[in-house]
Amino acid sequence: MKYSQTISTEKNKKELIFITICIVALIMSILLGVCLGATRIPVSDFFKALIDNDDSTNSRIIYAVRLPRVVASVLAGAALAVSGVEIQSILENPLAAPSIIGINSGAGFFAVLAMALFPNKFSLIPTAAFIGAMLTVGAVYIIARKNGASKITLVLAGIAVGNLLNAGINTITTFFPDALTASNSFKVGSVAGITFGKLTPAWIYILVGIALAIIFSNELDILALGDKTAKSLGMNVKLIRFIMLITAAMLAGAAVSFSGLLSFVGLIVPHIVRFFVKSGSRRLITASAFLGGAFVTFCDLLSRVLFAPYEIQLGIVISYIGVPFFIYLIMKKKGGKHGDKA
Amino acid sequence: MVIRLENLCGGYGRKQVLFDINAEIKTGEIISIVGANGCGKSTLLEIASGLMKPISGNVTVDGEDVHSMEGKKRAKLISVLSQQKSPGVLTVRALVYHGRFPYLGYPRRYTDEDRQIVEEAMQTAGVSEFADESLSELSGGQQQKAYIAMLIAQNTKIVYMDEPVTFLDINYQLELMNLIKRMQKSGKTVIMVIHDLNLAMTYSDRIMAMKDGRLISMGTPKEIYEKGVLGELFGIETHYSKKENQYFFKKL
């Protein structure tokens, strides 16, 4: 291979090994997520149940409880991680993430609003969340693009907008206590008690979103080089950025619609992946999707088994793991040679 | 091929920074735009290259308006080395491949020709030995070279460069100037904003001298020197040494 298109030899191998590890981690997390818990289910029973839903106790536990939950955590993790990659590239800001710049809160606010106004229409929630995510992303983006707004301003603006929207969520849950029976779980983020029904049509949004992210990964790479370079290469910067923003909002909105305000996934996962994958967005997105799914599924498993029979919420586990990592990240970035050049 | 700037006015928001620029540039010229900080050089480059729309006036290449050209078509004719560059998350090689972006159709497959052009561009720019390194982990100078390689891969007739020698050591600065000369020989037109007056005066065919958003003089380095334009622009004294074919500058 004289003219290899991607990076060659050793580094290429390392990246592929890392991606393989992410895939293995995802498979492990799915198997453990389905098999471990109050009732231990042998892996063989899981496969048996997959092939033939025989109405046995284990089979019923798998289909009614464990599998929806595992599928939800995989989808939420993958969606938030990919959304994080997109937003970081679009805003050229490594510290941006859907939860940090308020997108999750925007999705959450609209989701809760939909629940309050149309109590029986679950299928509306993902769309409402998507619209909320889109509006927030638009607002933050306009602030970010305003002449002279630095990367710090963007994060601050995001935090401010996010806080306002969180206040909005709390207001709605105060006035419409019935709207969100598990409002606390929603605010912290949880996939407990989820059913396959609640995942529709969110899963479609997520699969389409990830597919779009991968299809446009070349464009995302170019977008991250800055507007001027992107334009000089003949790219329709405004159109591509709009598509990318919609994709990111769609992913975050869909995840929030069934798993609540999970934070940090969109920040931590892309950062871990960036540490190993440096050849471009396609692999970054792919690896982030696998690792995001694995991370959230493992965290959800921990939330169930750590203090069994008590269950702590998924968002809490993610924060316990995510916050120390974030602090480590901030400390490491400070002295780095590509700090915030705002 | 003729590039024509006609009555160009430009600016940001309500602030006008360019006033009525007129110029004609022919194929194969090396043009340097010089002037003090904030005189509108980079704005002129951005408008002339089609990256930014003018307030009024127009830029044409062989009579065709640059600003109404379709993006990819323009990118096959005009390439720009921008001053503001982000390292992104990609390797040098991946970056240089993006120089072929305007030539890609659907599906996005690189041809053998693309691959060959990319490898040659990396050789020419001297980035082959760190082709597989991540751009964000390289020094400013290496990043600059990587971007130059991308520009070479884009292979356009008209090349704009904003501060091309930034971050480069003197050896590579001169190497880049030789590269620009080679580009000229292959029929390309190079238009650059450059702070280093020595390089500008030595390597350019013509100089565009700007002050406060206006083009106050345009001519060969010799004409610019004889008219004493640089003194007016920068408040310096210029001296030409015939023996060394070199210009020297002194603060007044």
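## Helix packing in chain B

The axes of H4(B) and helix H5 (residues 140–154) of chain B approach within 8 Å and cross at roughly 135°. H4(B) is therefore oblique to H5(B). The crossing of these two helices, H4(B) and H5(B), is right-handed. This is a predicted model.

Which residues make the contact? H4(B) supplies Ile117(B), Val118(B), Ala121(B), Met122(B), Thr124(B) and Ala125(B). H5(B) supplies Lys145(B), Ile148(B), Ala149(B), Ile152(B) and Ala153(B). The residues of this H4(B)–H5(B) contact divide into 9 nonpolar, 1 polar and 1 charged.

## Where chain B touches chain A

The contact between the chains takes 31 residues from chain B and 27 residues from chain A.

## Ala72 in chain A

Ala72(A) lies in helix H3 (residues 57–90) of chain A. Is Ala72(A) buried or exposed? Ala72(A) is buried, because 27 other C-beta atoms lie within 10 Å, and 20 or more count as buried.

Leaving aside neighbours within four places in sequence, Ala72(A) is in contact with Val191(A), Ile194(A), Leu199(A), Phe258(A) and Ser259(A). Ile272(A) is 200 residues from Ala72(A) along the chain, and their C-alpha atoms are separated by 22 Å.

Note on methods
Residues are numbered from 1 along each chain as its sequence is written. Chains are lettered from A and ligands numbered from 1 in the order in which they are written. This is a predicted model: local features need pLDDT of at least 70, side-chain atom pairs count only at pLDDT 80 or more; totals for chains, interfaces and linings use all residues. Two residues are in contact if their C-beta atoms, placed from the backbone, lie within 7 Å. Axes are lines fitted to C-alpha atoms, for helices over the stretch in contact, and angles run from 0 to 180 degrees between N-to-C directions. Helices (H or I, at least four residues) and strands (E, at least two) are DSSP runs, numbered from the N terminus. Angles under 35 degrees count as roughly parallel, over 145 as roughly antiparallel, 65 to 115 as roughly perpendicular and the rest as oblique. A crossing is left-handed if the near helix is turned anticlockwise from the far one by less than a right angle, and right-handed if clockwise. Ala, Val, Leu, Ile, Met, Phe, Trp, Tyr, Cys and Pro count as nonpolar, Asp, Glu, Lys and Arg as charged, and the others, Gly among them, as polar. A residue is buried if 20 or more other C-beta atoms lie within 10 Å of its own, exposed if 12 or fewer, and partly exposed in between; C-beta atoms are placed from the backbone.
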